[in-house]
Amino acid sequence: MRWLKYGTLIIIIFFAVYAVSMSFVEENKNFTIEKEINYPVEKVFPQFNNLQNFSSWNSFFSKNDQLSFEYFTPYEGQGSAMTFHDKKNENISGDLFIRYANPNKTLRYRLFEGKQSNPYLIDVKFVADHEKTKIVWYIQTPKQPFLKRSLNLLTEDYIADQINASMKNLYSMLGNKVDKDKQRERLKFDSLMVENQEGQLLLGISVNSKNDKNALFKNIIITHNKVLNYVKMDLAKKSDEYGEPILITDADNFKDKEVSYFYGIPLSKRISISDNNFSFRTLNASKNYVIYYRGNYAGRIKSIQELLLKAKRDTLRSGELQQTFLEEPRDEGNTVIKLSLPVFR
């Protein structure tokens with residue numbers, strides 16, 4: 001029994017020492033982390049303001065390939081939100097909200113982990129410096145109960161490590177994006193060209209939509225988010241594992257009251273999929289008449305008519321029109337699309 005008495009005494013002393021030491025530890029933690037990245041704020045801010053972008057490079061989310069995400073409209077800016085949960089560990093979950101957004105200046109996040117009612121308060125400030133951006137993170141951790149205050153001793157170092165890893169991911173991702181932007185600057189818009197297209201494998205969904213006013217483009221945005229989320233979240237594909245989204249439809253159905261189309265994202269090979277709403281579609285290698293178009297989405301019709309007229313003059317048959325979105329469909333008034341019409345005898 002003596003060892004039991006000594007053991008109990010040691011435990012009492014331990015908790016007494018812990019209780020005294022924790023009285024000097026704050027119930028939550030406030031700290032600031034500053035980083036700088038060699039890209040202009042116009043390139044950097046959208047990666048924070050859009051939660052789909054944010055979750056793709058932020059190490060807190062991207063390091064766990066078992067996380068599943070759900071995003072809620074609006075998909076960027078104040079009022080946007082997302083939930084996440086681990087498909088194998090039900091104890092890992094949470095919600096992220098953007099409570100305030102001042103474009104290119106400030107963002108205010110609220111992060112709830114698990115069933116906690118107290119969130120992380122995260123304000124991020126962006127300071128433009130020519131072609132660089134200083135990013136200042138102001139972080140307040142949730143209040144911890146007395147027996148868990150020791151966690152606050154480790155929180156700052158852990159979050160600092162996460163931000164360091166995240167900034168490396170962001171720098172790499174922006175490097176690839178800027179390279180693409182430079183390539184697009186060299187594109188010749190509104191000129192009809194001939195290109196030989198290699199075969200592609202698309203994963204996507206078939207959709208019917210009204211074709212009046214803004215209904216079609218709004219439907220495309222919804223479809224794009226569904227397909228992209230499935231590829232990125234459910235299939236865990238990284239940005240270098242899939243191509244730019246392609247919309248396939250009859251070339252002259254822009255005159256119809258209702259439009260049927262297939263919207264897919266190119267993948268390198270077939271994989272098993274569990275959602276019956278999605279299917280694969282193969283684009284065969286072909287000779288295409290092509291026009292690169294930039295502007296209001298409705299304005300593409302003139303370019304489509306030009307492609308059809310060229311095929312008719314050359315006495316060629318044409319296949320289904322392919323609309324490759326070189327930039328994600330977000331703003332109907334500012335779309336960047338490659339219009340491709342396969343032609344053959």
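Student: Which residue in S7 is the bridge partner of alanine 128?

Tutor: Threonine 133. First, the ground rules. This is a predicted model: local features need pLDDT of at least 70, side-chain atom pairs count only at pLDDT 80 or more, and totals for chains, interfaces and linings use all residues. Numbering runs from 1 along each chain as its sequence is written, and side-chain values use heavy atoms, with hydrogens and water left out.

Student: How many bridges join S6 to S7?

Tutor: Start with the terms. Strands (E, at least two residues) and helices (H or I, at least four) are DSSP runs, numbered from the N terminus. Two strands pair if DSSP finds at least two bridges between them. Here nine bridges join S6 to strand S7 (residues 132–140), and the two run antiparallel. S6 (residues 120–129) also pairs with strand S5 (residues 106–113), again antiparallel, over six bridges. Within that pairing, arginine 110 has leucine 121 in S6 as its bridge partner.

Student: What should I look for in the hairpin of S6 and S7?

Tutor: Check phi. Most residues other than glycine have a negative phi, and most peptide bonds are trans. The hairpin has two residues between the strands, and histidine 130 there takes a positive phi near 60 degrees. Histidine 130 is not a glycine.

Student: Is histidine 130 buried or exposed?

Tutor: Buried means under 20%, exposed over 50%, and partly exposed in between (1.4 Å probe, protein chains only). Histidine 130 has 74%, so it is exposed. Compare the hairpin of S5 and S6. It has six residues between the strands, and glycine 114 takes a positive phi near 55 degrees.

Student: Where is aspartate 190 found?

Tutor: In the loop between helix H5 (152–185) and strand S8 (193–197). Aspartate 190 has a positive phi of about 65 degrees, although it is not a glycine. Its relative accessible area is 47%, so it is partly exposed.

Student: Which peptide bond is cis, with omega near -10 degrees?

Tutor: The one from threonine 73 to proline 74. Proline 74 sits in the loop between strand S2 (67–72) and strand S3 (81–86).

Student: Why is strand S11 largely enclosed by the rest of the structure?

Tutor: Count its buried residues. S11 (residues 258–267) has ten residues and eight are buried, so the rest of the structure largely encloses it. Now its neighbors. Strand S9 (residues 200–210) pairs with S11 in the antiparallel sense over ten bridges. Asparagine 208 stands opposite serine 260 in S11. Strand S10 (residues 246–249) is joined to S11 by three bridges, also antiparallel. There, isoleucine 248 faces phenylalanine 262 in S11.

Student: Now helices. What are the buried residues of H7?

Tutor: The general idea comes first. An α-helix has 3.6 residues a turn, so residues three or four places apart point the same way. In H7 the buried residues are Arg300, Ser303, Ile304, Leu307 and Ala311. They cover an arc of only 105 degrees around the axis, so they lie on the same side of H7. That arc is taken from the directions from the helix axis to the C-beta atoms. On the other side of H7, Lys302, Lys312 and Arg313 are exposed.

Student: What do the buried residues of H7 pack against?

Tutor: Helix H6 (215–234) and strands S13 (286–295), S15 (321–325) and S16 (335–344). Contact means heavy atoms within 4.5 Å.

Student: What span should H7 have?

Tutor: The expected span is 1.5 Å times one less than the number of residues. H7 (residues 300–313) has 14 residues, so it should span 20 Å, and its end C-alpha atoms are 20 Å apart, which agrees. Threonine 315 follows H7 with a positive phi, near 50 degrees.

Student: Which residues touch the most other members of the largest nonpolar core?

Tutor: A nonpolar core is a set of buried Ala, Val, Leu, Ile, Met, Phe, Trp, Tyr and Cys residues joined through side-chain atoms within 4.5 Å. The largest has 38 residues, and Leu203, Ile220, Tyr261 and Tyr297 touch the most other members. S9, H6, S11, S13, H7, S15 and S16 each give two or more residues to this core. H6 gives the most, with eight residues. Apart from it lies another core, of 36 residues, including Met82, Tyr120, Ile122 and Ile135.

Student: And how many helices and strands does the protein have?

Tutor: Seven helices and 16 strands. Of its 345 residues, 43% are buried.
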